[in-house]
Amino acid sequence: MKRTIVEVLLALALIGAGVFGWLSWKQAQTAKGQVTELQAASEEAAKAVTASKAAIAAAEEQAAALEEQLGPLQNKVKELDAIKAAMSSGTTLADLEAAYKTQKSLSAERQVGLGALRMLTKGGDDPAALEAFRAALQLTDLGSRKNTMCAAQIALAAAGEKVTVMSECLPQAAHGAPDAHAKDDKAAKPDAHGKPDAHAKDDKAAKPDAHGKPDAHGKDDKHAKPGDKKGADAHAAPHWSYAGDMGPDRWGKEFPTCAKGKSQSPLDIVGPFVKARTSLSAEYKEGPLKILNNGHTIQVNVPPGSKLRVDAKPYDLLQFHFHRPSEEKIEGKPMSMVVHFVHKGADGKLVVLGVLLKEGNENPGIKTLWANMPLEEGPEVAPDGIKFNPGSLLPREFDFFSYEGSLTTPPCTEGVTFFILKTTVNVAAAQVTQFPFKINARPVQARNGRDITMN
Ligand SMILES: [Zn+2]
């Protein structure tokens with residue numbers, strides 16, 4: 001019996017030991033797992049901390065950089081606020097008026113500046129602001145201060161005043177000729193030969209203009225900027241002419257394409273010719289006459305609506321102008337004069353139609369133009385009630401010579417298609433003499449293997 005009890009106790013003890021052992025092992029395993037988990041977690045946490053630290057450091061760097069950038073910006077904002085405050089209180093205006101009071105006659109630019117400041121300070125209804133602009137307009141010499149004129153005209157128009165804003169002041173090409181390449185076109189004017197200044201940028205002054213007007217002076221088309229023209233200087237010192245120091249053989253100095261271009265105009269039209277497969281027709285319409293003397297030629301700016309069709313493609317007629325003698329020669333011989341009709345396609349492509357004028361009977365169309373042309377260089381004039389149809393200067397027959405050329409005035413930009421009509425139009429000897437430019441023709445240029453087509 002005793003032995004049985006001992007055996008049972010022993011067995012119980014063994015079981016107990018086993019259970020205890022198992023339990024201990026189990027606990028140890030669990031703990032180990034937990035430790036591993038904890039370790040992993042802490043590693044993750046450590047990584048996360050490192051990453052966060054890096055992120056924080058980067059953010060701090062960014063913040064520091066932003067602060068650096070913000071500094072000057074904040075200063076600008078402060079300056080702007082100061083300017084605004086000074087304007088709204090009228091102190092700036094008052095200061096400027098006081099400063100100007102000592103001067104009996106203010107320049108047009110100052111009048112406009114004062115007007116602009118008044119308008120900003122007191123609003124567009126302020127009669128003194130309008131008066132300042134008007135005074136500026138009266139003071140301004142039309143020929144040389146176009147920007148000032150434009151500023152005054154646009155300001156008056158913006159204030160709802162009755163004022164005619166000159167077409168060259170309008171933000172778009174007067175003819176609405178789309179400017180495919182326009183970026184910063186302040187200076188981009190399809191000029192006489194519709195200079196593809198179209199490739200300049202920003203379009204503010206974009207306007208079909210004659211022969212490399214002031215904007216183009218002194219720059220080749222890529223660099224022509226209004227900021228460069230310095231007001232009247234461009235007029236006072238033209239950078240090119242048809243004779244002397246600034247004659248055609250010197251144009252290349254300031255306008256490299258004039259010397260280096262390989263497709264320059266005009267050409268001496270001599271065979272052999274290639275058969276043309278192009279059809280050409282003009283749809284010119286009557287409109288109010290707008291005519292100017294730009295210092296290089298007499299030019300007529302044409303209101304929208306007149307077109308030249310080359311095959312099916314329309315080109316808007318922007319302007320036409322005259323050369324004496326004709327720039328083109330036919331088998332070595334020039335005509336008395338030539339009319340160049342400058343067109344621009346929707347893609348900016350320029351096409352010039354040349355109509356040769358031969359001495360003969362009086363030309364009634366030219367009679368109208370000469371009766372209204374300004375004899376001195378100046379802005380466009382629009383004589384009251386005078387209408388003109390450019391089609392009146394065209395011959396009936398439209399057979400032509402054609403070649404790829406350039407503007408015949410600086411900057412001599414290439415990519416201009418020329419059509420020279422074979423049929424000439426009459427002009428009286430006296431009418432040739434009345435033209436205010438004795439010679440305004442560029443000499444013929446090297447053909448450089450170009451085809452001349454003929455239909
Ligand atoms: Zn021309």
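Where is the place of D311? This predicted model puts D311 in the loop between β7 (307-310) and β8.

View 1. D311 has 9 C-beta neighbours inside 10 Å, so it counts as exposed. Most residues other than glycine have a negative phi.

**View 2. C412 between β14 and β15.** The loop that holds C412 runs between β14 (400-406) and β15 (414-421). C412 is not a glycine, yet its phi is positive, near 60°. C412 counts as buried because 31 C-beta neighbours lie inside 10 Å.

**View 3. The hairpin of β5 and β6.** Strand β5 (residues 291-293) pairs with β6 in the antiparallel sense, over 3 bridges. N293 has I298 of β6 as its bridge partner. Between the strands are 4 residues. In this hairpin, G295 takes a positive phi near 90°.

**View 4. Strand β6 beside β8.** β6 covers residues 298-301. I298 and V300 point one way from the strand; Q299 and N301 point the other way. All are buried. β6 and β8 (residues 313-323) run antiparallel, joined by 3 bridges. Within β8, F320 is the bridge partner of V300.

**View 5. Cis peptide bonds at P266 and P272.** S265 and P266 are joined by a cis peptide bond, with omega about 0°. P266 sits in the loop between α8 (256-260) and β1 (268-269). The bond from G271 to P272 is also cis, with omega near 0°. P272 belongs to the loop between β1 and β2 (274-275). Most peptide bonds are trans.

Technical notes: Residues numbered from 1 in each chain as written. Predicted model: local features only at pLDDT ≥ 70, side-chain atom pairs only at ≥ 80, totals over all residues. Buried ≥ 20, exposed ≤ 12 C-beta atoms within 10 Å, placed from the backbone. Helix = DSSP H or I, 4+ residues; strand = E, 2+ residues; numbered from the N terminus. Pairing = 2+ DSSP bridges.
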